[in-house]
Amino acid sequence: MEVVARCDARGRTTLPIVRASGQLAVRRTGAASVHLVATAFGPLGGDDVEIRLVVEAGARLSVHSVAAAVVLPARGESPPSWQLVRAEVAGVLQLAPEPTVVTARADHRAELHAQLADGGELTATEQVLLGRVGEEPGRWTGTTRVERDGRPLVHTTVGLGPGAPAWLPPVAPRAYVSTVSTGGGQREVATGVDAVRLPLPGGWVGTAWGDELHDAVTRLASVSPRPVDELAEVTR
Amino acid sequence: MTAALLTLADSRLPAGGHTHSGGVEQAIAAGVLADPGSLAVFLRRRLATSGAVAAGLAAAACRAVDDADPVAALGALDAEADARTPSPALRAASRQQGRGLVRVGSRAWPHPAWAALPAQPHHPLALGVAAATGGLTPRDAAHAAAYLSISGPATAAQRLLAMDPITVAAVTARLAPEVDEVADASAEDLPAATDPLLDLLAELHAARNDRFFAS
């Protein structure tokens, strides 16, 4: 899947490339926004999706999805499913998909590799729920690497679910949310109940967890410098 | 295995590690660490995240000593360490221990590579350079880093909870296969495993003014 956002001569964002194949379709839902639509059940174990996002200087792009992604295991010994997002950002990119629900026995790997040019801004939010109601949790591993001019700003991998080495009782939450934001100004440390915000060069990263997704979302909001609505406003 | 590796991993090496609890002091305050069972869980968690990251960086720093441009190579690794350690409290703890190790290591194993390190380097970088200048391999550096990621915190737990030293030694020793596994898996790579719980505990701890340990 690929989306390119460009700034035209009058300073407005156009989307000269919006294309997808396989398990994802992509729909233009605004002058500078797209929604991802799953064309099939899943992702399923063994699925492999790559999303390329290019936001050129002066352009804005906001990427959403229409519904939660429910990750299901393949039959038998299920291999992991992969989603790799590669972003090149000289403008402003907001990534705000709906939650990922990882069902029992499923193992999902999500990677975000973002390269920011000077002046590039990125806000990426991730919401994860392990298991549907009354179900055993699945496994989720998320890696985020953001570079500016080739220099790493943040590079972290979080592993959740049974068997993940840092997911051990008494702190083994079913719900996890995280926002990484760079380019909008550095924010200092903030702490809350099961929530922490840390500074990044020119930005911040916030993380929260809990038993339920709505708890984790509320906790992340408690340490986030701006309400999420305002972030949406920025990219409109 | 050489005596240099034992020296590097020895808690009596005066590099300042004894003033850091690796999150243990705050984990006790938060109620997630109270007895030998929860200590083992906490150490396993730490080993798999900050231990793996430290092992990868230490091995890479050991290799960087032989790089054509060790200043650039170690500078790039210091940036990778920062990127893997967004918590200011954890960064400060790592750099304090790095500085302490440079002080003793550069006297113990004099070598031009010490001058190639950035000022106040992250601890795993200093450890990697110490390993290289002590005649050890990148894999040795990874093993020292992985072991140190749990040995200091285990001792801190013993002191803070007045735990039986033999029990704590047994908990640590039983983790040896996992220490080796993490070190071997990290020695050729730069893992980025992180534990948001440890970030939160580190920042809560840094904000306290009634703490015994620096981290």
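This report describes the overall dimensions of chain A and the arrangement of one of its sheets. The structure is a predicted model.

**Overall form**

Chain A contains 2 helices and 18 strands. Its radius of gyration is 17 Å, close to the 18 Å that the globule rule gives for 236 residues, so chain A is as compact as a globular protein of that length. Along the principal axes, the C-alpha atoms of chain A fill a box of roughly 55 × 40 × 30 Å. Of the 236 residues in chain A, 49% are buried. Among contacts in chain A with a separation of 6 or more, 68% are accounted for by residues 24 or more positions apart.

**The seven-stranded sheet**

In chain A, 7 strands form an open sheet with mixed pairing, in the order β2-β1-β5-β8-β11-β13-β14. Its edges are formed by β2 and β14 of chain A, each of which pairs on one side only. Direction ignored, neighbouring strands of this sheet are turned by 10° against each other on average.

| Strand (chain A) | Residues |
|---|---|
| β2 | 13-19 |
| β14 | 151-160 |

In general, strands of a sheet pair through backbone hydrogen bonds, either parallel or antiparallel.

How values were computed
Residues are numbered from 1 along each chain as its sequence is written. Chains are lettered from A and ligands numbered from 1 in the order in which they are written. This is a predicted model: local features need pLDDT of at least 70, side-chain atom pairs count only at pLDDT 80 or more; totals for chains, interfaces and linings use all residues. Two strands pair if DSSP finds at least two bridges between them. Helices (H or I, at least four residues) and strands (E, at least two) are DSSP runs, numbered from the N terminus. Axes are lines fitted to C-alpha atoms, for helices over the stretch in contact, and angles run from 0 to 180 degrees between N-to-C directions. The radius of gyration is taken over C-alpha atoms; the globule rule is 2.2 Å times the number of residues to the power 0.38. A residue is buried if 20 or more other C-beta atoms lie within 10 Å of its own, exposed if 12 or fewer, and partly exposed in between; C-beta atoms are placed from the backbone. Two residues are in contact if their C-beta atoms, placed from the backbone, lie within 7 Å.
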